[in-house]
Amino acid sequence: GIHENPEGRTQCIAQKGKSAYNESSGSLRRGHIDRTTDIGPQTLQEGNRRTTMNKYDAFLIKYAEIGIKGKNRHVFEEALVRQIKIALRPCEGSFGVIRTYGRVFVEARSDYDFDEVTEALSHVFGIAGICPVAVHALMPLEDLCRTAAEFVRSEYPAGPGGAAGENTHTFKVHTRRMNKTYPQDSLEVNAEVGHAVLEACPNFSVDVHKPEVMLSIEIREKL
């Protein structure tokens with residue numbers, strides 16, 4: 001995912017479900033959404049067919065970790081899922097709330113109003129961040145690089161003159177390879193995706209210590 005530190009917005013690219021799932025984190029402030037775009041596996045229950053016309057197919061819900069270690073975690077997550085379902089009842093559209101692998105996802109199963117949904121979720125106690133997710137089928141590294149670079153370029157267009165103006169950014173790629181069957185390891189994914197972003201985005205440069213944008217990639221079997 002793409003995570004802009006820390007006062008900026010958050011965005012992300014991912015693959016999942018026999019794929020890689022890219023995420024990003026951050027805190028949620030009233031009127032501010034940590035925005036994550038994930039490019040990865042198929043829609044959750046519909047294979048490769050998109051189920052909505054919206055840009056994002058799901059939302060990754062980030063929650064505070066304090067006080068929910070060990071046995072407390074499942075109790076908190078179950079309560080959070082119930083509150084999310086209640087919050088979404090007035091919203092236009094159909095949604096599924098999925099708890100898996102220490103993650104909570106809201107899956108859009110029909111068209112919906114993005115602002116209405118994110119506003120409803122922002123009022124749920126315990127949510128620290130809302131990361132919109134675009135879902136695609138698992139892809140080889142070459143395609144992942146191209147998809148990631150295209151996404152970054154669309155979200156952060158260069159100013160006049162390419163690298164000029166306020167649209168310049170530093171970035172870093174961070175990969176977690178939880179699906180060990182994926183052919184490339186985390187370091188190789190970092191290097192190849194980073195190279196693709198640099199080629200596609202002349203307004204970007206690498207900063208591994210204090211990047212403005214963190215492109216976080218998590219490769220996992222499924223949601």
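1. Helix 3 (residues 141-155) and helix 4 (residues 186-200) have axes that come within 8 Å and cross at roughly 45°. Helix 3 is therefore oblique to helix 4; angles under 35 degrees count as roughly parallel, over 145 as roughly antiparallel, 65 to 115 as roughly perpendicular and the rest as oblique. The axes are lines fitted to C-alpha atoms, for helices over the stretch in contact, with angles running from 0 to 180 degrees between N-to-C directions. The model is predicted: local features need pLDDT of at least 70, side-chain atom pairs count only at pLDDT 80 or more, and totals for chains, interfaces and linings use all residues. Residues are numbered from 1 along each chain as its sequence is written, and side-chain values use heavy atoms, with hydrogens and water left out.

2. The crossing of helix 3 and helix 4 is right-handed, a term used if the near helix is turned clockwise from the far one by less than a right angle, and left-handed if anticlockwise. On the side of helix 3, the residues in contact (heavy atoms within 4.5 Å) are L141, L144, C145, A148, A149, V152 and R153. Helix 4 contributes E188, V189, E192, V193, A196, V197 and A200. By class, this contact has eleven nonpolar, no polar and three charged residues. Here Ala, Val, Leu, Ile, Met, Phe, Trp, Tyr, Cys and Pro count as nonpolar, Asp, Glu, Lys and Arg as charged, and the others, Gly among them, as polar.

3. The protein has four helices and ten strands, taken as DSSP runs (H or I, at least four residues, for helices; E, at least two, for strands) and numbered from the N terminus. Their order from the N terminus is β-β-β-β-α-β-β-α-β-α-β-α-β-β. Of the 223 residues, 52% are buried (under 20% relative accessible area, with exposed over 50% and partly exposed in between; 1.4 Å probe, protein chains only). Among contacts between residues at least 6 apart in sequence, 72% join residues at least 24 apart.

4. Five salt bridges are found in a search of the whole structure, each a side-chain nitrogen of Lys or Arg within 4 Å of a carboxyl oxygen of Asp or Glu. One of them joins R73 and E77, at 3.9 Å from N to O. These two residues lie four apart in helix 1 (residues 72-88), so about one helical turn separates them. R73 is partly exposed, with a relative accessible area of 24%, whereas E77 is buried at 3%.

5. E77 also forms a salt bridge with R99, where the closest N and O atoms are 3.1 Å apart. This pair links distant parts of the chain, with E77 in helix 1 and R99 in strand 5 (residues 95-100), 22 residues apart. R99 is partly exposed, at 37% relative accessibility.

6. Elsewhere, salt bridges that share partners join R73, E77, E78 and R99 into one network.

7. E221 lies in the segment after strand 10 (213-220) and is partly exposed, at 35% relative accessibility.
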